Every structure is written in C-alpha cells, then in structure tokens.
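Please follow the account below alongside the sequence and the coordinates, moving from a helix to a sheet and then to a ligand site.

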Amino acid sequence: MKVTIDNITLEVEPGTTIMQAARMIGPEVAPPAMCYYEPLKGSGGKCRACLVKVTAGSEKDPRPMPKLVPACITAVQDGMIVENTVNEDVLETRKGIVEFLLLNHPLDCPVCDQAGECHLQDFSFEHGVSSTRTVEERNTFEPTDLGPNIQLNMNRCILCYRCVYTADQITDGRVHGVMHRGDHAEISTYIEKAIDNDFSGNVIDVCPVGALTDKTYRFKSRVWFSKPVDAHCECEKCSGKATIWYKGEEVIRVTGRKNMWGEVTDFICNGCRFDKKKTADWAIEGPTNVSRHSVISANKYGANLIKPAFPVLQAARDYKQINDDRDRSFLGIQPALPKSKKK
Ligand code: SF4
Ligand code: FES
C-alpha cells in the first residue's frame, strides 16, 4: 500500500499503522507516543499524543477524515495522505494534549528519578506551552511500595496502561491494573499485593513517566550524571542483555536496553536488574548509543543527538529575524554588513 506522510511517500504492508509507517521514514515525521509501545501487543489508543490529520482516506475514497486520528491504532489505506508536523491543527491540538496530560501530573521533575529520560518531559518540551490555565488542585496520592523493589508514585501516572500490558504479556500473573474509572482511576494492586515475579521490574522500564521507579536506584543520581554502558551476562531466565549505569566506578542501576523509540525489546529478569550491581557480574560491550533527544545526549553525547525538527521550525516561525543594521558607531561598533557584502 502507498501512504504519504508529511509529503514523503512510501510503500508498506497491509495492516501497517500510520505510526509504524511514519517510524519507517524516521524520527523527523514519527508522531510522539506516550502510551503506544511497539513490543507490547494491544498498546496504544489511550493518550492521544499521536493524533494526526488524514487529508485523504485512500485512493478509492479520497475524502479527508473529519477528525484527527490516533496514528498508533489507525491502519494505513492504499493512497492515504497523512499530515503530522506540517499540519497546524495537529500542532495546536498537541498543545492541548500536553495540557491535558499535565492536569494531574505534578511538576516535580527536580526530584523525580525519571527526569532526563521522561517521555512526558520531552513531549511537553517539544509540543507544550509554558503556561497553565488550571487553578484546580491536582489529584494526590501517597507513594506506595509495590513489593521490595518497585515504588508507585500514582501522582505521576498518566494511565497509559503500558505497565498493565507488560505484566499481562511477560509475567506469570498480573496482580496490578487500573482500578476504578474516570478521575478516580488509579494503578493499584489488589489489596496492596506486592508485584512479585521474575520479570516484574520491567514495568519500571516501560513507564513513560516517573510513576513506577526502581527502589534500589531512587535518589542515587540524576540520569545525566551517570554513564550508560551496554553489557551482557549469562542468565538462564532472560537474554542477559542490559544497560548498566555507572556513577564513577559504581553500578547504580541496571535497565533493559532501549531502542531509538525508548522501547525495551529484550525484557530482563529481576535477578539481572536488582541483584547484579558489580562490574564483575557483567561482560562490558561499550558505551550505550543514546539516540533519542534526552538530556543524557544533550550533556554528554552531543554529536549523537538527533534534534527534532519541530522546535527549530517553531523558532523560525515564532521569532522575527533581528535587523541589526542600527547605527552603533557611537559605541565604536560598525553596523553588521549583509552577508553578500562580507569579504
Ligand atoms: S504507572 Fe506508568 S506505565 Fe503504568 S499506567 Fe501509569 S504511567 Fe503508564
Ligand atoms: S501513542 Fe497513540 S494514543 Fe497514545
């Protein structure tokens, strides 16, 4: 099937979603995703971060779709034309989606372990506005221990369901889920039961915000002060492929390896994640390639950073070029010459 996204045409298999097709083109046109997680079956369709405009439904029926559609759960039709970063309505709507996701989310990034690798932080930075219109109090919850290794900060949860799908699909028995409905909805275990099985720690990696955090790592460091390294070990339960995070000589945490979309494809077991905190436990492969636009890249791996085009386009649109031909000779400064006249 032929699909055109932001004026780029490609051919895809039937059944491909707009999100998958856009990701085939690359990060410049891929819509943001807060709840969609490719390795988890059925994920997506919860957060609306990925809304796009379909300006032609298909070659057979080229009428535009009347409303913006979620790219992660909308299948491509032959001849479909989609607009993402080039559509004003989409960009305007995303501002509203960010505002909506932040309605109850606290602005506690300075003390949140997820800061620096938080998808909501990235999403707000790229698509949000810097002010808020709400005066209502946010929903607040006490932090809850979900067993010995995981802490839930429900205040920060955006109800994306990723952790629920993870527990459903890669652990023996899910004991947590979204309880209640509407603005009473919350992630919880049934009567505070611990999330306790060999792969439970993966809910930490899939959580896009800081709602589920690793208790063995909490408050140990800011992520941009630590150095991620790819490493593997012999493990009977999982692939043993992980990223280990150093602060100086000390391994302060172990996570699954994430791809360019921030998704773990090889889930790791709790033994690797929580118990192997010595360099001797691992065979080191080399520095992790940080390919997403995180502050880890910004501060330490500048050359690898792929800057999203959106902020640059927005800056070009919103800020006027400064005409600096003013006469400043009284300051002893010559007016800047236009480029073409420079020698
Ligand atoms: S705890 Fe995290 S992964 Fe689970 S629903 Fe909330 S935001 Fe999503
Ligand atoms: S990423 Fe598509 S709805 Fe959440």
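Helices (H or I, at least four residues) and strands (E, at least two) are taken as DSSP runs numbered from the N terminus, and the expected span of a helix is 1.5 Å times one less than its number of residues. This is a predicted model, in which local features need pLDDT of at least 70 and side-chain atom pairs count only at pLDDT 80 or more, while totals for chains, interfaces and linings use all residues. Residues are numbered from 1 along each chain as its sequence is written, with chains lettered from A and ligands numbered from 1 in the order in which they are written.

Helix H2, residues 88-101, reaches 20 Å from its first C-alpha to its last over 14 residues, close to the 20 Å expected at 1.5 Å a residue. Buried in H2 (20 or more other C-beta atoms within 10 Å of the residue's own, C-beta atoms being placed from the backbone) are Val-90, Arg-94, Ile-97, Val-98 and Leu-101. Seen down the axis of H2, these buried residues fall within an arc of 100° (taken from the directions from the helix axis to the C-beta atoms), so they line one face of the helix. Glu-88 and Glu-92, on the other side of H2, are exposed, that is, with 12 or fewer such atoms.

Turning to the sheet, four strands form an open sheet in the order E13-E12-E11-E14 with antiparallel pairing, where two strands pair if DSSP finds at least two bridges between them. Strand E13 (250-255) and strand E14 (283-287) are the edge strands, each pairing on one side only. Strand E12 (residues 241-247) pairs with E13 in the antiparallel sense over five bridges, and Trp-245 has Arg-253 in E13 as its bridge partner.

Finally, ligand 1 is surrounded by 14 residues, of which the closest are Cys-157, Cys-160, Cys-163, Cys-207 and Ala-211; a residue counts as near if its C-beta atom, placed from the backbone, lies within 6 Å.
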